[in-house]
Amino acid sequence: MIGHRTHSKDQISLDIKEGAPSGIEALRVLNIKGLDRVAAIKVNNIIQDLSAPIGPGSMVDPVFIESEEGLDILRHSASHVMAMAVKELFPGVRVTIGPAIENGFYYDFDYQRPFKEDDLPLIEEKMVEIINQDLPFRREEMGSDKAAGFFRSQGEDYKVEIIEDLGEKIVSLYSHGSFTDLCRGPHLPSTGMIKAFKLVKTAGAYWRGDEKRAMLSRIYGVAFIDRKDLKEYLQRIEEAKKRDHIKLGKQLDLFSTYEEIGAGMIVWHPKGGILRHIIEEFEIQEHLKRGYEIVKGPQILKTELWEKSGHFDHYRENMYFTEIDKQSYGIKPMNCLSHMLIYRSKIRSYRDLPKRYFELGLVHRHERSGVLHGLSRVREFTQDDAHILCTPEQLDMEIKGVLDFIRDVMAIFRFDYELEISTRPEKSIGSDEDWDMATRALIKAVDDISLEYRINEGDGAFYGPKIDVKLKDALDRRWQCATVQCDFTLPERFDLSYVDIDNQKHKPVMIHRVILGSLERFIGVLIEHYAGAFPTWIAPVQVRILTVTDRNIPYAEKALKDLIGASIRAEADFRNEKLGLKVREAQMQKIPYMLVVGDKEAERGGVTPRLRNGKSLDFMDIGKFIDHIQEDCKQRR
Ligand SMILES: [Zn+2]
Ligand SMILES: [Zn+2]
């Protein structure tokens, strides 16, 4: 067998001239370094097991375990190991599916009772045993009937169902030790290559995601190439738990939810209420500065209008409806319709364009109860929504304006972000000409401000291409917030027009865009991003005054009055408690400034501000402290 390297940019490709008994043989002969880190092999760009035979003339690439594909194989192999462990420990359990997911894997089991967190250490122990035996993964191809018979004889009905649904003549099975699973593969050469894993949680999941089918018990695990990566990941998760916005929302008394009100509906407490208000004020100012006009449409609109817009056909399942006086109304899931009627209320000339209508629009969207989560997925939320109506020639400048807006706002909140442009999907409406024009405008706008972006081919909305903005938070997690979408359909359906320089009527282009997206979701992201320690300009409480003894109360009251009079969000803790306790409580509330008022402050008529990180500022009079806070707000820090 002879082979040679053909290119070596991101991968090493090898040209196998005479064929080899197996992938591992081929790599060995070709003297590939780090064979113990090779998880699988690409043969003519198709990933296969290392044991797969290699035909002559094949191009082969090693798939190292640390590559994205290698990690997938590692994680998926760990799910097989877990399934074997569970079968050995819990007789009668039936297996279903066990894919690799981001950072790990899961497997869904059917057992007489749901698995609990307490079961996990035992399963982990068994898995370690299986891994230590370094059992090879063996692939076997089999006729579907025979394979179905095999799984039926083991009582594995779910596997039989999968084989029947696949409808293929031949299926592949993977075995290690006594455990055999129906699987496409590929897998690691052997179980010993799994060096670092942990089972993290259990959950319920319906078979095939269908609420009418059996409820299964899912076990989630994570797996990495080594202990160091696993440890780093687990630390990140711990940090994320500390920052969890549901937990902090309670601790900071920002919001709550109630089963008796309904799932996915947020109740804002005073501190959450003021936080929202500050962000809304900020948004209004930023929009006015950029030539947007503030508008407001009603919460319910006649169902006929939703039929006309296409929402009734395409979006009905997510909408709430109500009927009064035999007239059906749809509760708005989007704000576009009234904005278009505002546009249509007058004859528009090209000189009037662009029109930029902004609304902090409250919308209702019915989401499945299973996906609801804290502030991130809710059924009622407010969008910072705007619709820009412009001429095709203005499209590119308008998109650029929106991207500048996004850049400025993300810098204020100290977020990095990434852009994705989604192009025409297979199922879509509108002319090729419109799609080309809009897609080109999106790409040009992004290029012009030299932002990097990724193209998601065919992932646009059915009515137009879009830019999605994913912000990166302090833990390097991605969150969808801003979107910019072009739309040629709604202006058509609502017969929007403008009179151009040629005195003819033309159809405007409509841009739907949000900057922060759902305020609920954005506030959830902010809580986690800042770990609840909001910068002073948005902190619900900016200052708490703490008295040392009761005789300091009169001065503390005067200081509080001065602060509130200067529009500073201040509160007081005059309780007759130990100062240490009062300071700790203020720190738990993550309040940016604490003013401890003792005899010195009362006598000299000033304050010594303490920051939440434990540092202090110099003694200053109250007027100077007010300036200091106002400067924080002005600088948005
Ligand atoms: Zn598998
Ligand atoms: Zn819209």
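I count Lys and Arg as positive and Asp and Glu as negative, leaving out His and the chain ends. Each charge I place at NZ of Lys, CZ of Arg, CG of Asp or CD of Glu.

**Ground rules.** The model is predicted, so I ask pLDDT of at least 70 for local features and 80 or more for side-chain atom pairs, while totals for chains, interfaces and linings use all residues. Residues are numbered from 1 along each chain as its sequence is written, chains are lettered from A and ligands numbered from 1 in written order, and side-chain values use heavy atoms, without hydrogens and water.

**Charge.** I looked up both sets of side chains. The protein has 93 positive and 103 negative ones, and the two centres lie 3 Å apart.

**Overall build.** I find 19 helices and 32 strands. These are DSSP runs numbered from the N terminus: H or I of at least four residues for helices, E of at least two for strands. The C-alpha atoms fill a box of roughly 85 × 75 × 60 Å along the principal axes. Of the 637 residues, 51% are buried. Buried means under 20% relative accessible area, exposed over 50%, and partly exposed in between, with a 1.4 Å probe and protein chains only.

**Cores.** Next I checked the nonpolar cores (buried Ala, Val, Leu, Ile, Met, Phe, Trp, Tyr and Cys joined through side-chain atoms within 4.5 Å). The largest has 62 residues, and Ile 399, Ile 406, Phe 413 and Phe 534 touch the most other members. Helix 12 (residues 395-412) gives the most to this core, with 9 residues. I followed Phe 413 beyond its neighbours within four places in sequence. Its contacts (heavy atoms within 4.5 Å) include Phe 282, Leu 516, Tyr 530 and Trp 537. Another core, of 37 residues, lies apart; Ile 65 and Ile 130 are among them.

**Zinc.** I then turned to ligand 2. Cys 336 (SG), His 387 (NE2) and His 512 (ND1) coordinate this zinc ion at 2.0 to 2.3 Å. Donors are N, O and S atoms within 2.8 Å of the metal (3.2 Å for Na, K and Ca); water is not among the atoms, so sites may look incomplete. The donor spacing in sequence is C-x50-H-x124-H. Cys 336 sits in helix 11 (residues 336-344) and His 512 in strand 28 (residues 509-518), so the pair ties together parts 176 residues apart in sequence. Cys 336 is buried at 4% relative accessibility. His 512 is buried too, at 9%.

**Helix 5.** Last, I looked at residues 157-166. Tyr 158, Val 160 and Ile 163 are among the buried residues there. The buried residues of helix 5 pack against elements including helix 4 (144-153) and strand 13 (215-224). Gly 167 follows the helix, with a positive phi near 65°.
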